[in-house]
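I opened this notebook to keep track of what I looked up, entry by entry. The structure comes first, then my notes.

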Protein chains: 2
Amino acid sequence: MKPVQSVVEIVEKARAHAGRCIVVPSAETESALGAAVEARKSGLASSILIGDCEVIKKKLAAMEEDARHYQLVQETSDPEAARKAVAMVRAGEAHVILKGKLKTGDLLRAVLNKEEGLRTGNLLSDVLVSENPMSSFPKILGLTDGGMNVFPDLAAKKAIIQNAVRLFQRIGFEKPNVAILCALEEPSDGMPHTLEARMLQEMNERGEITGCTVCGPLALDNAIWPEAARLKGISHPVAGNADILIMPTIETGNALGKAFTYFAKKPVGHVIEGAKAPILIPSRAESAQDKLISIALGILCSI
Amino acid sequence: MKPVQSVVEIVEKARAHAGRCIVVPSAETESALGAAVEARKSGLASSILIGDCEVIKKKLAAMEEDARHYQLVQETSDPEAARKAVAMVRAGEAHVILKGKLKTGDLLRAVLNKEEGLRTGNLLSDVLVSENPMSSFPKILGLTDGGMNVFPDLAAKKAIIQNAVRLFQRIGFEKPNVAILCALEEPSDGMPHTLEARMLQEMNERGEITGCTVCGPLALDNAIWPEAARLKGISHPVAGNADILIMPTIETGNALGKAFTYFAKKPVGHVIEGAKAPILIPSRAESAQDKLISIALGILCSI
């Protein structure tokens, strides 16, 4: 399978999989309904909307969308809506969860429920997919984790890598290049993240982190721009050619993830990986295109 | 004094101050010599080059630059070169220090020497100055600290703010807007940086951090883009209109600082503030324009 090169290709790839269904707990909010509408219009997926059906119908009407395109399920309690969404995924009726107006905590409690949830034993982490702003041709670049894990330790960073690698394999990257992002490209005693970065590279070399080639520490420029790696004399094959950037903390991931949108003006999608089904968390500031990319990623991760 | 709006104006403003002199310890490296050459050609400052004079002359010749434009001082020991540079600043012969090929540690040891150094009692921190990529008109945006302080505590963050505010006052911002950058725009117990961010805002409200208006926590989008602040319902005057972004850690600052260059393709300059004289640390990857902006910032901070 050839790796996708652009986010547009991700959407095309997802469109090839017919019959996928999204379930939206507590759907009565514009950001979630907007994503469900995008999914239908673009032929990506149908949606089950759980919530106050009257409110949902009114909001869809305001968006000039016919409610008859959707399966509506009446449920006004947020925790119950989350539980029903998870049950539908377990029953094979839905394949992707798209968060509505309920709190993320309410949704995750249902997802992580030991008896009735979608646990796999893996950590949940957010994977963002965009395009490398330094590449002269379209080139996918991933970033994780800017959304779930505040201050991941070494074991959590390993799990975050494996979640991202699994997603990248779904979009055709047989063995993605993974850069552990730090403020420096050399291990330094005064910077603990650089020491962990080198440990992760060594764990990969020993076969403890699989399906990818890991290099760290690297700084942003020498991770994504071959010329910067050359200037610094770094000869590792990942340097300058990273497919996935692993963040030291949520603050770095959140700021750099937003820089794809606000600094580089690139389209982005993101998905929470690690449960039995992908979870999407739309935001109000997202463009229609970005919603579509996230849904496409969700569909590809649900296959 | 009107605030500058673009980095070009920073260079123009610095050019108005004649007779400034840069001292370059261990000058025999292209990145430092390139900056000294830019400073001369642009009429910003003269330079004293400390190092192996024969090597310096050869390197200048290779750059097609006449060595007679510079005062050369023979000194092949890095720590001694640093000591001499600091002594020249103390004697008023030079006003800005530009790091040559010596290690940053060697330079800082001389700067921080208790008897013969340039201590002020303030923390040293790196301040980056660029332009807001989300603004439709030229608008200065600062970022600190992506270069010096690895994991600043609350007191260090306060000192980092005051260093940046001092610099911004030099470029005409009477009372800059300071945003404390986090992954969220609300204090959250699970994210210690958000709690410190709110404390810094409160310290500012109580008059313990002066010369600026502080708001935190804010995320990147709602710090620099008014529309994102509006969407999130944040009404603080700093939200969407930050002049300076305070980073939680060096990793966030380094990555987001580099995103100005590599994602937004914006010019950047940076200077280390907190000593009796500004310190510049050029890098090989820097453009000639970026070197010039750093020198201009150094000159304005030395007045």
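**Entry 1: Thr249(B)**

I looked up the neighbours of Thr249(B): leaving out residues up to four places away in sequence, Thr249(B) touches Thr252(A), Asp145(B), Val150(B), Phe151(B), Pro152(B) and His193(B). Contact here means heavy atoms within 4.5 Å. Thr249(B) sits in the loop between strand S9 (244-246) and helix H10 (250-262) of chain B. Helices (H or I, at least four residues) and strands (E, at least two) are DSSP runs, numbered from the N terminus.

I then checked burial. Thr249(B) has 2% relative accessibility and counts as buried. The classes are buried under 20% relative accessible area, exposed over 50%, and partly exposed in between, with a 1.4 Å probe and protein chains only. The side chains of Thr249(B) and Thr252(B) are joined by a polar contact of 3.3 Å. A polar contact is a pair of N or O atoms within 3.5 Å; within protein, one must be able to donate a hydrogen and the other to accept it, and residues adjacent in sequence count only if both atoms are side-chain atoms.

**Entry 2: what kind of model this is**

I noted that this is a predicted model, in which local features need pLDDT of at least 70 and side-chain atom pairs count only at pLDDT 80 or more, while totals for chains, interfaces and linings use all residues. Residues are numbered from 1 along each chain as its sequence is written, chains are lettered from A and ligands numbered from 1 in the order in which they are written, and side-chain values use heavy atoms, with hydrogens and water left out.

Chain A has a mean pLDDT of 96, and 100% of its residues reach 70 or more. pLDDT is the predictor's confidence in each residue, from 0 to 100. For the complex, the predictor gives an ipTM of 0.95 and a pTM of 0.96.

**Entry 3: the interface of chain A and chain B**

I counted 33 residues of chain A in contact with 33 residues of chain B. The two chains bury about 3000 Å² between them, with 73% of it on carbon and sulfur atoms.

On the side of chain A that touches chain B, helix H8 (220-224) and helix H10 (250-262) each supply at least two residues. H10(A) gives the most, with 10 residues. I sorted the residues of that side into 22 nonpolar, five polar and six charged. Ala, Val, Leu, Ile, Met, Phe, Trp, Tyr, Cys and Pro count as nonpolar, Asp, Glu, Lys and Arg as charged, and the others, Gly among them, as polar.

There are two salt bridges between the chains. Lys258(A) forms a salt bridge with Asp221(B), with the closest N and O atoms 3.4 Å apart. A salt bridge is a side-chain nitrogen of Lys or Arg within 4 Å of a carboxyl oxygen of Asp or Glu.

**Entry 4: salt bridges within the chains**

Over all chains the count comes to 32 salt bridges. Glu196(A) and Lys157(A) form one at 2.7 Å, N to O. Glu196(A) lies in helix H7 (residues 192-205) and Lys157(A) in helix H6 (residues 154-170) of chain A, so the pair ties together parts that are 39 residues apart in sequence. Lys157(A) is buried, at 2% relative accessibility.

In chain B, Asp106(B) and Arg109(B) meet in a salt bridge of 3.0 Å, N to O. They are three residues apart in helix H5 (residues 104-112), about one helical turn.

**Entry 5: backbone**

Most residues other than glycine have a negative phi, and most peptide bonds are trans. I found a cis peptide bond from Gly216(A) to Pro217(A), with omega near -5°. Pro217(A) is in strand S8 (residues 213-218) of chain A. Ser26(A) has a positive phi, near 55°, and is buried with a relative accessible area of 1%.

Definitions and conventions. Buried area is the accessible area (1.4 Å probe) that two parts lose on being put together, summed over both.
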